[in-house]
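Hi,

Here is the structure you will be working with. Please open it first, then read my notes below.

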Amino acid sequence: MSITYDSTCRAFALHAGNCSYVLQVSGSGHLLTCHWGASVADADLSFVAPVRMKTNALADEPTPAFGLDTALQEAPAGNGDFRLPAYRVELANGAQDLDLRYVRHDIATGKPSLRSLPATYVEDAAEADTLTIVLRDALSGLEIQQRYTAFRNFPVIARSVSVVNAGSVPVALLGVASASVDLILPPQHVLSLDGAWGRERERHRTPVRHGVTLIQSRRGESSHHHNPFLAVCDAAADEAFGEVRGLSLVYSGNHQMAVEYDAFEVVRLQAGILPEGFRWLLEPGERFDTPECVLVYSSTGWGGLSRAYHELYRTRLVRGPWRDRLRPVLINNWEGTYFDFTSERLLAMAREAKELGVELFVLDDGWFGARASDNAALGDWVVNEQKLPGGLARLAEEINRLGMTFGLWFEPEMVSPNSDLYRAHPDWCLHVPGRPRQLLRNQLVLDITRPEVRAHVMDQIISVLRSAPIGYVKWDMNRLLDAYFSPALPAARQAEVMHRYVLAMYAMHQQVLDAFPDLLLEGCSGGGARFDPGMLFYAPQIWTSDDSDAIARLEIQAGTNLVYPLSAMSAHVSVVPNHQLGRTTPLATRFAVAGTGSFGLELDPTGFSSEERAAVAAGIAEHKRLQPIFHHGDLYRLRDDEKCVAWQVVLRDRSRAVLTCVGRLAQTNQRPGPIRLAGLDPSARYAVRELFGDERSTVASGLTLMSAGLWPVPDFQWTTADFLAKRWLLERQ
Ligand code: DGJ
């Protein structure tokens with residue numbers, strides 16, 4: 001068992017990989033945090049968790065006997081705790097806080113799945129143990145079930161909460177965090193992943209300051225702006241050193257990630273659905289389940305944190321046949337044609353792509369209804385036979401005949417005002433009756449919380465998918481939600497709309513997967529607005545950003561792969577000058593950057609010169625050779641500064657590795673230096689082969705490569721051109 005209970009001090013120790021999490025029931029029945037960090041011994045539990053009796057609920061001094069105001073709490077709900085509450089309610093009498101006391105606990109092997117919500121899972125019950133602690137508010141009868149799963153082989157604790165109304169009158173939930181933890185730590189920094197369209201998930205790191213720091217999405221999606229992730233680290237922590245603690249919320253809607261630093265230097269970390277604008281009415285006997293929050297502890301800096309999230313998410317969040325399968329090299333026609341295509345043009349692209357080594361042809365936006373621009377037809381999921389005579393079946397079959405899989409774009413959650421669907425059902429979108437409807441990209445959001453709306457859309461999509469051999473779907477979502485209102489719900493339930501929307505969207509994804517279990521789903525949201533763990537449960541890969549410029553992607557992908565595995569990041573080679581930035585980068589650089597993720601082309605290859613054709617074909621062939629390393633390997637971000645970025649990916653058995661270096665702007669008169677590698681077998685000798693250019697090779701031990709380092713040629717501090725890239729393949733001899 002990775003979870004033990006010591007009844008003398010009423011403490012629980014959860015051991016997960018090299019980390020321990022200790023919590024305790026106080027003499028008064030409050031649930032307290034004692035430790036989340038490096039391993040502690042079970043025999044020392046009474047030392048880590050000395051018996052604590054509550055002396056004064058409002059004590060404002062950090063005495064060993066505690067008051068709620070200063071205690072390290074696991075389930076704060078007001079009532080004498082003045083910091084950020086995990087739980088806020090509105091009881092029948094109007095009271096908003098809870099007096100939560102321990103009732104019982106249960107320790108079981110395995111990990112239960114969550115009702116209607118994505119979550120990490122185990123394949124064998126022996127992989128994890130789950131502790132459930134039940135707390136109760138005697139006045140209302142409200143029961144809080146806090147679940148903690150300790151994964152034995154990962155430094156991961158997965159937390160979630162169910163709230164049960166065991167009372168006799170309705171209760172409104174105003175805020176339910178998925179996880180809240182109080183810690184005493186040395187000075188910390190907080191890191192979040194924030195951005196906007198075209199520059200998603202930039203890393204922002206600042207010292208933790210007194211007061212509350214909130215990272216929130218209010219856009220109805222996890223958003224371009226703030227990813228549902230937050231971490232704190234030692235002030236000096238870097239890629240390889242220092243303690244880092246991360247919270248990643250498995251959710252795709254409005255979220256709140258918080259860190260509070262109080263007067264007694266306690267750090268409270270919290271994650272959950274955004275409480276603002278949320279009110280969930282719980283009738284007697286009903287249960288509300290929160291999304292899961294995945295907590296990772298690393299004592300080896302950001303690199304250790306990333307590798308733990310990557311392995312967990314790659315193997316125990318992503319599901320289905322595509323989890324372990326190498327992803328097909330694809331071509332997507334979007335940047336190649338936008339809306340301007342015919343069957344002939346698409347087939348010409350497909351024929352050329354096949355010659356280059358492409359395995360999957362993806363037809364993006366514009367194949368349905370009267371969709372000649374982004375001004376029409378969302379919701380009319382019927383093939384436009386004028387553009388595609390013979391329908392999708394003919395096109396898909398011809399592409400299959402070429403030896404490629406056919407894939408298709410949808411945007412199922414949306415409706416264009418200029419569509420047959422909207423003309424027939426103008427009330428089927430989210431809107432506040434009597435108020436003008438606000439368009440974004442000329443479209444409105446369907447009210448998928450209504451079963452009849454969902455059924456209509458799903459019937460259309462499933463019949464399109466049945467009409468032709470389609471092996472892949474790109475599920476896009478190109479606008480945020482502004483009107484949080486469903487005319488089908490009573491006033492008292494309007495603040496449930498945002499969460500109901502997310503649940504409905506998950507149910508739609510599951511319905512498609514149930515009908516087509518072998519389908520490869522790719523998530524997308526106007527670029528990477530819904531790149532989150534919730535979507536990864538359904539879609540093993542997600543379009544990372546609409547910005548396909550290789551240099552911009554360095555930061556976008558580094559922020560993304562702080563949490564998400566490389567195989568999850570869709571990344572494509574596009575033309576130069578780049579459509580988003582106008583920048584010109586070498587082809588090798590575009591391959592080096594896109595090749596670290598789930599790879600494809602986003603261009604029209606029919607105009608390639610013979611040199612371009614040869615270079616792209618060679619790049620694709622090389623990608624296929626390296627792909628197993630990128631898909632299954634461990635990532636080390638070795639360097640990221642104004643001169644260059646160096647990423648190394650090593651297979652888990654340390655037999656093969658790829659080092660990728662990308663130079664930024666060339667600089668004159670800089671001192672060259674080596675790049676120290678990581679994660680190799682020190683006792684093995686590796687053949688080190690340069691992949692672009694003259695393919696020079698050398699042999700050195702893992703020990704030397706990690707201690708003295710590799711002197712890259714060309715040296716990125718002494719290059720004669722901007723944005724050069726180099727790759728080395730290391731193979732154990
Ligand atoms: C936004 C996506 O990010 C693009 O890749 C493309 O699919 C367009 N939508 C199509 O409208």
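This is a predicted model: local features need pLDDT of at least 70, side-chain atom pairs count only at pLDDT 80 or more; totals for chains, interfaces and linings use all residues.

Two strands, β4 (31-38) and β10 (171-184), each supply at least two residues of the lining of the second largest pocket.

Now the largest pocket. Its volume is about 470 Å³. Its lining has 29 residues, with Trp197, Asn478, Gly526, Gly527 and Asp546 closest to the centre. They divide into 10 nonpolar, 8 polar and 11 charged.

What takes up the space of the largest pocket? The ligand does. Around the ligand there are 13 residues, and Asp364, Asp365, Lys474, Asp476 and Asp546 come nearest. This shell has 4 nonpolar, 3 polar and 6 charged residues.

In Lys474, a side-chain N or O atom is 2.8 Å from an oxygen atom of the ligand. In Trp409, a polar side-chain atom lies 3.1 Å from a ligand oxygen. In Trp543, a side-chain N or O atom is 3.5 Å from an oxygen atom of the ligand. How much of the ligand's accessible area does the protein cover? On its own, the ligand has 290 Å², and the protein covers 98% of that.

Best wishes

How values were computed:
Residues are numbered from 1 along each chain as its sequence is written. Side-chain values use heavy atoms; hydrogens and water are left out. A residue is near a molecule or strand if one of its heavy atoms lies within 4 Å of it. A polar contact is a pair of N or O atoms within 3.5 Å; within protein, one must be able to donate a hydrogen and the other to accept it, and residues adjacent in sequence count only if both atoms are side-chain atoms. Accessible areas come from the Shrake-Rupley method with a 1.4 Å probe; for residues, only the protein chains shown count as cover. On a 1 Å grid over the protein atoms alone, a cavity is a set of points where a 1.4 Å probe fits but cannot get out, and a pocket is an open set with protein on both sides within 12 Å along at least five of seven lines; lining residues have an atom within 4 Å of a point. A molecule sits in a cavity or pocket if more than half of its atoms lie within 2 Å of its grid points. Ala, Val, Leu, Ile, Met, Phe, Trp, Tyr, Cys and Pro count as nonpolar, Asp, Glu, Lys and Arg as charged, and the others, Gly among them, as polar. Grid points are joined across faces, edges and corners, and a volume is the space filled by probe spheres set on the points. Helices (H or I, at least four residues) and strands (E, at least two) are DSSP runs, numbered from the N terminus.
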